[in-house]
Amino acid sequence: MLRNLKNYYRVKNLSEAVKVLKKGKGRIIPLGGATTISKLDSKNIEGLLELENLGLSYVKDDGKKIKIGSMTTISELLDSKVIEKFADGFLKKAALTVGSTLNRNMITVGGNIYQLYLWSSLPPAFLDLDAKIKVIGSKGRRTIKAEEFFSKLPRKILSYDEIITEVEIDKDKFKGVKSEFIKFSKTKTAYPVISIAVILKKLNKKIKELRIALGSLSPLPQRFEDIEKEYIGKELDERIAEEIAEKIVNKAKIVPDIRASIEYKKEVTKNILKDIILSI
Amino acid sequence: MKIKVLINKEEKEFEVRVNDVLLDVLRRNGYYGVKCGCREGECGACTVLVDGKPVTSCLYPAVRAEGKSITTIEGIENDKIGSVLQEVFLEEGAVQCGFCTPGMILSSKALLEKNKNPSEEDIKLALDGNLCRCTGYVKIINAVKKASKKLRERREK
Ligand SMILES: Cc1cc2nc3c(=O)[nH]c(=O)nc-3n(C[C@H](O)[C@H](O)[C@H](O)COP(=O)(O)OP(=O)(O)OC[C@H]3O[C@@H](n4cnc5c(N)ncnc54)[C@H](O)[C@@H]3O)c2cc1C
Ligand code: FES
Ligand code: FES
């Protein structure tokens, strides 16, 4: 419970919103889908800034780029035809792994990437997609590459008066790709133990494009660009798929948790990753 | 502070604190059909519809409900889809202790509003956040299938 919560701010536009956050000096926070905020136990938060009426719920395709407003819910991503068609439905596959329908109706894209939990599903997907995170704050607007945004906890990247407004993805890079996003968990709606995001493009059996990101295994999502690059142009067969999977798990940072040991997670990740690479 | 809502098609004003979740405000005001199971967003017993969408009221900030339309199980009786769901849940034996039933019926209503002929997969997805410790789900899924059939037959008549 937020014991010292006193105020709820509804403002007309983003510049007023930023002023409210600036005045709050970290004691007023943006309200996304509320699925984390409502469970927080803190004495420090005194105000909530409502983001739902600021025009940040949308999925747009301008031909070159896909733009996702930060207040778009996970269910709205799932309902979007743009998302369904893009990159072999990659973001739809990722969105389907988030909690339950009831959770997905509330959780927002902005909240899912700001509140970077170990299990957050969208961050590994956005890493594979080279997404750009757009924010606005008292010093103006800026764009942060996913790679940088997820290199630390986002609260260390953003200032307290900054709001995530949009996630932008270049479409061109992902024409004709195949993709998969697998969550390994105890039940279908449980938090993932392992998340695996793969984008692959083949031409005459040879790898033309390969992107691999892992989530849930360590506090920050991980992408493996150096290993991906090694295999561009190579013919894909079972041996190569096994080799890629082996290299990835040997390089990945894996932390133990109560549900599974490091060794178990390594073995399962390797096998699922190999299967994905061979089957898509 | 006060919030105005349209609840079960009736305009009402509720006194709320900024850190109240909708679940507590509704129960304080006599909507006991909204159950509290986990307060974690995990069980779905607290499901209500906000502007037609099923959400966990245990995580939904009450202040955010200002100006919105809320449906609880108490508002289902005179609803076309809701009343059919109530009938078929009884006919199919989809209710045992009944704790999950308000949430199950509200999530099913939201599904049938959107999808007139859902597949078994669609039903399972729509109800994946509503846990039932008694029935084993089979009868619940059958009840939703039967409701969608009944509603389609009624529309065709
Ligand atoms: C039962 C349950 C199961 C779940 N399962 C999963 C799962 O499997 N996978 C998964 O990925 N997630 C899952 N989640 C969701 C996840 O744990 C977080 O609760 C969620 O991602 C937070 O998003 P939100 O929109 O609700 O954010 P909020 O709770 O509103 O906010 C979280 C934080 O982000 C900040 N914030 C929100 N929006 C913005 C913005 N636009 N700009 C700047 N800061 C912002 C807030 O100030 C706050 O600090 C689950 C949640 C629940 C309750
Ligand atoms: S009480 Fe809200 S989901 Fe369990
Ligand atoms: S009938 Fe008892 S929990 Fe579902």
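Reader: How many disulfides does the structure hold over all chains?

Author: Bear in mind that this is a predicted model, where local features need pLDDT of at least 70, side-chain atom pairs count only at pLDDT 80 or more, and totals for chains, interfaces and linings use all residues. Residues are numbered from 1 along each chain as its sequence is written, chains are lettered from A and ligands numbered from 1 in the order written, and side-chain values use heavy atoms, with hydrogens and water left out. A disulfide here is a pair of cysteine sulfur atoms within 2.5 Å. Over all chains, the number of disulfides is 0.

Reader: Is B:C43 buried or exposed?

Author: Buried means under 20% relative accessible area, exposed over 50%, and partly exposed in between, using a 1.4 Å probe and protein chains only. B:C97 has 58% relative accessibility, so B:C97 is exposed. B:C43 comes in at 16%, so B:C43 counts as buried.

Reader: Which residues is B:R64 in contact with, leaving aside its neighbours within four places in sequence?

Author: B:R64 sits in the loop between β4 (53-56) and β5 (69-71) of chain B, strands being DSSP runs of E with at least two residues, numbered from the N terminus. With a relative accessible area of 5%, B:R64 is buried. Contact means heavy atoms within 4.5 Å, and the partners of B:R64 are A:Y8, A:R10, A:L31, A:G32, A:G33, A:E50, A:E52 and A:M71.

Reader: What distance separates the centres of domain 1 and domain 3 of chain A?

Author: Chain A splits into domain 1 (7-50), domain 2 (59-172) and domain 3 (175-279), with bounds from an automatic or database domain assignment. Taken over C-alpha atoms, the centres of domain 1 and domain 3 of chain A are separated by 37 Å.

Notes: Helices (H or I, at least four residues) and strands (E, at least two) are DSSP runs, numbered from the N terminus.
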